[in-house]
Amino acid sequence: MASVPSLASNVNQRVADALVSALPEAGAADPLLRRSDRADFQANGILALAKKAKANPRELAATVVEGLDKGDVLAEVEVSGPGFLNITVSDKAIIDTLAARYADARLGVPLNPDAGTTVIDYAQPNVAKEMHVGHLRSAVIGAAMVEILEFTGETVVRRHHIGDWGTQFGMLIQYLIEHPHELDHKAAESDAETSGEEAMSNLNRLYKASRALFDADEEFKTRARARVVDLQAGDEQTLALWQRFVDESKIYFYSVFNKLDMDIQDEDIVGESGYNDMLVETCRLLEESGVAVRSNGALCVFFDEYKGPDGNPTPLIVQKSDGGFGYAATDLSAIRDRVTNLKANSLVYVVDARQSLHFKMVFETARRAGWLNEDVHAYQLAFGTVLGKDGKPFKTREGETVRLVDLLDEAVDRASAVVREKAQDLTEEEIAERGAQVGIGAVKYADLSTSAARDYKFDLDQMVSLNGDTSVYLQYAYARIQSILRKAGDHKPVAHPELALAPTERALGLHLDGFGELLAEAAAEYAPHKVAAYLYQLASLYTSFYAECPVLKADTQEQVENRLFLCDLTARTLHQGMALLGIRTPERL
């Protein structure tokens, strides 16, 4: 595994060295290098340096050009405008750099030298409740961030903070005690999907029945409330029945995550109940340190900057006046656990933007308590709402929340129709497999190609389209390359740095070279949408290259090999990038 410096960093270093030579008294200076449509790169740093040194910028630029070590890398450097440098790299430098990437299993992507340990809290469904469209974004965005961070060298601990505690369990458990067979499975042996559907059907039925009884029967309501006290006191029978609800819900969760092509491990599921033993101590530490104070019997943290409509400060309630604990106590205990026991440097919460105020207060409380500091930071990767085609929150025709399973099934059905229409030599089994890969990929990509904080419209027709910014477009680009490589026969992908490159070859090559820097940026900013944007541009540049540069019918054997090399490196980069987003790249479509 070898990290390969990009051409941008190579050029940047050469210009920086020339700046120091031209104005040694100014010390190190940033060339402010960026991609340019007038050349390959433009360096804008000379203007600021000239101003600082009271020098003529164009004259300083000319001095820098004279002192540049061009080597085999820089083909042309010209002074432009008030003192910009327009820089064109050589064709040889492009292919040499790409050949080094091609030789490396990681495509030359460097590991972050400052990598630490990050806990990512994502995919947090609620026990005994159905997963709906609102659960999609946390799962998809979180899973992509896990992959991106791990690939760039971070140690990542996954946490699924499921909702598995609360007063509703008194009602559910009491009903189950009085109707003991409500969670029994009819099918002795069945696949994961059937078991998951049956588990959810049982839970739904039990939830509705117990809620109806709770609302109608005062005596049942009294028994249910007493059962909450038993649960919180750790009564053995009550806890055993509570565990049945958790286990039954997990059967269902796993069936949905399996459909989403996501790997969720049991040891990573640490729900609200996992922090019960810490709640009293968390409150004690906050009260003793003066971070939290008693107000009307409740333990609260106050903030000058957060006020309610009446102008009074809105507190974070850690413990209610009746002694019960709120979400804040659980979230603060989770921070203590993740920092102290998991040794995290970073905590990332992939949570709906509508919870932003809660998390700002929780993080600020943790900072005041000393659990978060300069060495340990917390970040809410806040996401927007999934909207329907009409731009309103996504609902069924009846105004109900859309079940996640129904949504995924429809995406797979639509994608299977697209695959069947295009398929030439695929069996029914292959069409079904590709349909799932394309459909689930389409749902994930639509989510990930939008900046997380923005709302996005859920439009399946657009998602499974072969045209535009969709995963299907990227998957077809990858499959097309695999088809070319299969037809190449005895021709092998070989880099030929001695060849002159066509404009579309250069554009494709320079973009391929930026993969590592792009991933570092996406990891640092928790921005998976930047990976999606890079891949879409890569597929678009490949389409232009393919339209203008014959591959197998190129003029010479060397040109055939060099173009196959560009094809293969494009395919490997697409495959790696899509894998980081949790999307499959079928070899044939």
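Gln42 sits across from Asn86 of strand E4, and that is a handy way into this predicted model, where local features need pLDDT of at least 70, side-chain atom pairs count only at pLDDT 80 or more, and totals for chains, interfaces and linings use all residues. Residues are numbered from 1 along each chain as its sequence is written, and side-chain values use heavy atoms, with hydrogens and water left out. Helices (H or I, at least four residues) and strands (E, at least two) are DSSP runs numbered from the N terminus.

**Antiparallel strands**

- Strand E2 (residues 41-43) and strand E4 (residues 84-89) run antiparallel, joined by three bridges; two strands count as paired if DSSP finds at least two bridges between them.
- E4 also pairs with strand E3 (residues 74-80), again in the antiparallel sense, over six bridges.
- Leu74 faces Val89 of E4.
- Three residues separate E3 from E4 in a hairpin, and Gly81 in its turn has a positive phi of about 55°.

**The parallel sheet**

- Four strands make an open sheet in the order E6-E5-E10-E11, with parallel pairing.
- At the edges are strand E6 (155-159) and strand E11 (377-380), each pairing on one side only.
- From one strand to the next, the twist averages 20°; angles here run from 0 to 180 degrees between N-to-C directions, and axes are lines fitted to C-alpha atoms, for helices over the stretch in contact.
- Four bridges hold strand E5 (residues 117-121) and E10 in parallel pairing, and Asp121 has Tyr349 as its bridge partner in E10.
- Helix H5 (residues 136-151) packs on the sheet and touches E5 and E6, its direction making about 160° with that of E6; contact means heavy atoms within 4.5 Å.
- H12 packs on the sheet too, touching E10 and E11, and its direction makes about 175° with that of E11.

**Aromatic pairs**

- The count comes to 14 aromatic pairs, taking rings of Phe, Tyr and Trp (its six-membered ring) with centres within 6.5 Å; planes under 30 degrees apart are stacked, over 60 edge-to-face, and the rest tilted.
- Tyr349 and Phe359 form a tilted pair, because their ring centres are 5.2 Å apart with the planes at 45°.
- That pair links distant parts of the chain, ten residues apart: Tyr349 belongs to strand E10 (residues 346-349) and Phe359 to helix H12 (residues 356-369).

**Helix pairs**

- The axes of helix H16 (residues 471-487) and helix H19 (residues 528-548) come within 9 Å and cross at roughly 45°.
- H16 and H19 are therefore oblique to each other; under 35 degrees is roughly parallel, over 145 roughly antiparallel, 65 to 115 roughly perpendicular, and the rest oblique.
- Their crossing is left-handed, meaning the near helix is turned anticlockwise from the far one by less than a right angle (clockwise would be right-handed).
- Among the residues that meet there are Tyr473, Ala477 and Arg480 in H16, and Leu535, Ser540 and Tyr546 in H19.
- By class, the H16 contact with H19 has ten nonpolar, two polar and one charged (nonpolar: Ala, Val, Leu, Ile, Met, Phe, Trp, Tyr, Cys and Pro; charged: Asp, Glu, Lys and Arg; polar: the others, Gly among them).
- For helix H4 (residues 91-102) and helix H17 (residues 503-513), the axes come within 10 Å and cross at roughly 45°, so H4 is oblique to H17.
- H4 passes H17 in a left-handed crossing.
- Asp91, Ile94, Thr97, Leu98 and Arg101 in H4 meet Arg506, Gly509, Leu510, Leu512 and Asp513 in H17, giving that contact four nonpolar, two polar and four charged residues.
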